[in-house]
Amino acid sequence: MTLHDLNYDIQLSKGDFLPLYEKLREYSRVFVVSDTHVYDLHNDVFMRLKKKFDVYIHIIQPGETSKSLETYEKVCDDFLSQHIKRDDVIVALGGGVVGDLTGFVASTLLRGIDLIQVPTTLLSMVDSSIGSKVGINTKQGKNLIGQFYEPTYVFIHLKFLTTLSKRELNNGYAEIIKAALIGDKTLFELLKLNDHDRIEVISKALKVKIDIVKKDPFENNERMFLNFGHTLGHAIEKHTNYKGIKHGEAISHGMLYAIEKGIELNITSPYLKDEVRHILHKYQLLDVNIEDVSVYETYMRMDKKQRKDGLRFVCIKDIGIPVIHRL
Ligand SMILES: NC(=O)c1ccc[n+]([C@@H]2O[C@H](COP(=O)([O-])OP(=O)(O)OC[C@H]3O[C@@H](n4cnc5c(N)ncnc54)[C@H](O)[C@@H]3O)[C@@H](O)[C@H]2O)c1
């Protein structure tokens, strides 16, 4: 299945890699960035690429700490030493960390080299690989250096999901549940089933994000809907220093909080509290306990969405009907 709605194609596949190879044929050389986990677990993919193309591979350490200026410099230095040119292509073959870092490298090296995203976690398939946000962290916080840079192609292959742990998989489902809540009731119904077609679920989640990003690419209005659950979610992550709780788990608590807050403000239909709690439990997204919400209030006030006119908080009226409320 191919989604054509953005300036670049998003290909979803569970079959062969031919569409990716076709795209790579447009370039002289292929510069790949990945991490050690993906490189070891999916070595066959790298070997096949090496056989077919003039490929140079840079492997980084897995984990958020690699989204740093230091790793950025190492990758740039390595690719420049290999005489990378503007008619080459950079491929991010990994989760969101690889995608964000590599995207930032591609956006800045030689003032911009074509980028192909090959996401390997469920979270990166439905979220970070599309929407064009690329960047790295600094000691002051996450994603503080970065920009908007479109890939030329996104290739999503279900094969990669087979090696993900259940917890990593559920981490991705949190963003899919969010997409359903802000944009697609039919997706929410699919997620309630014990068995669903992953391609269908991923494509529906992508369509929600694509529609929003198309309306507001630079996050002035509608794109803020994608932050549903993130106000408390980010606060939890900051408070725990990004340890012990995954992003999807943190935003799941955040989504439940946003529902409760919405009910309190007479915005959200009260029946949603049980519905949402139930689905989050189903995907084991509330298993890590959090502290009382008051503990996170300082962080919430510092949230990025805080503007001169108050904190912009995303609520939903009902499934698929998001609204921004000024707190
Ligand atoms: N750019 C955006 O719009 C956007 C959106 C959401 C999140 N993000 C960023 O994405 C990052 C999180 O992404 P993530 O959750 O994919 O994390 P990640 O890239 O750290 O991957 C999680 C773990 O899974 C491993 N892994 C990756 N693919 C695997 C596979 N197929 N099998 C087994 N293990 C595999 C990784 O090595 C890592 O240990 C954060 O830095 C976040 O800020 C960006």
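About 60 Å³ of space lies in the largest cavity of this predicted model, a cavity being a set of points, on a 1 Å grid over the protein atoms alone, where a 1.4 Å probe fits but cannot get out, and its volume being the space filled by probe spheres set on the points, which are joined across faces, edges and corners. Its lining (residues with an atom within 4 Å of a point) consists of V126, D127, E175, I176, K178, A179, A205, K209 and L226. Two or more of these residues come from each of α6 (122-128), α7 and α9, and α7 gives the largest share, four residues; helices (H or I, at least four residues) and strands (E, at least two) are DSSP runs, numbered from the N terminus. By class, this lining has five nonpolar, no polar and four charged residues, where Ala, Val, Leu, Ile, Met, Phe, Trp, Tyr, Cys and Pro count as nonpolar, Asp, Glu, Lys and Arg as charged, and the others, Gly among them, as polar.

Residues are numbered from 1 along each chain as its sequence is written. Local features need pLDDT of at least 70 and side-chain atom pairs count only at pLDDT 80 or more, whereas totals for chains, interfaces and linings use all residues, and side-chain values use heavy atoms, with hydrogens and water left out.

Note on methods. 1 Å grid on protein atoms, 1.4 Å probe; cavity = no way out; pocket = protein on both sides within 12 Å on 5 of 7 lines; lining within 4 Å.
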